[in-house]
Amino acid sequence: MLRGGVAPVEPAAVFHPTSDRDIAQLIRAAYQQGFPAVSARGHGHSINGQANTAGGVVIEMSRLAEGHADGVRIAEEMRYVDAWGGELWIDVLRACLEHGLAPRSWTDYLYLSVGGTLSNAGISGQAFNHGPQISNVHELDVVTGSLN
Ligand SMILES: Cc1cc2nc3c(=O)[nH]c(=O)nc-3n(C[C@H](O)[C@H](O)[C@H](O)COP(=O)(O)OP(=O)(O)OC[C@H]3O[C@@H](n4cnc5c(N)ncnc54)[C@H](O)[C@@H]3O)c2cc1C
């Protein structure tokens with residue numbers, strides 16, 4: 001959490017969810033019990049500690065992806081990918097290439113997470129033609145404290 005030393009704050013805990021429901025429960029608990037903050041962490045490459053939180057709980061998004069058998073699902077005919085936010089773009093690309101496909105817009109550096117780059121657009125050489133990654137998203141699931 002202190003890598004780089006640019007934003008040297010420490011969270012109270014790091015949470016390793018096994019499902020989106022775990023995350024919803026954490027967010028609900030944060031409201032009910034008054035944690036200072038909850039922060040998602042993709043690959044931790046944002047340069048000013050955006051994925052960290054002083055005294056709060058960091059949600060390690062990549063862990064779920066590791067235990068997730070099909071974290072990247074390709075709908076070949078419909079030409080879209082359904083991916084968990086903690087997936088790295090390199091793994092999304094690899095999964096696409098098995099079907100002879102590729103994302104329309106990616107990042108030049110591919111060891112960044114889907115959620116991490118969509119949170120700030122996600123740009124590369126293809127953005128000139130296809131827009132940033134966020135402009136190529138059809139649907140997003142937003143996890144809140146609601147368990148419904
Ligand atoms: C070496 C290097 C190369 C880079 N190259 C590029 C590039 O080519 N193109 C480009 O656009 N950017 C590039 N960046 C910038 C990078 O895209 C951003 O810093 C990005 O936010 C980092 O992604 P991450 O997975 O490390 O996210 P993190 O740093 O972990 O998180 C970034 C933000 O997104 C939030 N977040 C993360 N995951 C989720 C989620 N699942 N749901 C909701 N919120 C979430 C975090 O809370 C945080 O606010 C580069 C950065 C580095 C260090």
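The briefing below covers the source of the model, the ligand surroundings and the sheet.

This is a predicted model, in which local features need pLDDT of at least 70 and side-chain atom pairs count only at pLDDT 80 or more, while totals for chains, interfaces and linings use all residues. Residues are numbered from 1 along each chain as its sequence is written, and side-chain values use heavy atoms, with hydrogens and water left out.

**Ligand surroundings**
- The ligand lies between domain 1 (13-61) and domain 2 (68-136), because both give residues to the shell around it; the domain bounds come from an automatic or database assignment.
- Around the ligand are 24 residues, of which Ala40, Gly42, His45, Ser46 and Ser113 come nearest, a residue being near if one of its heavy atoms lies within 4 Å.
- The shell divides into six nonpolar, 16 polar and two charged residues, with Gly counted as polar and Asp, Glu, Lys and Arg as charged.

**Polar contacts** (pairs of N or O atoms within 3.5 Å)
- A backbone N or O atom lies 3.0 Å from a ligand oxygen atom in His43, and 2.9 Å from one in Gly116.
- A polar side-chain atom of Asn120 lies 3.2 Å from an oxygen atom of the ligand.

**Sheet**
- Three strands form an open sheet in the order β1-β3-β2 with parallel pairing, where strands are DSSP runs (E, at least two residues) and pair if DSSP finds at least two bridges between them.
- The edge strands, β1 (13-15) and β2 (38-41), each pair on one side only.
- Four bridges join β2 to the parallel strand β3 (residues 57-60), and Arg41 stands opposite Glu60 in β3.

Note on methods: Polar contact = N/O pair within 3.5 Å; in protein donor to acceptor, adjacent residues only side chain to side chain.
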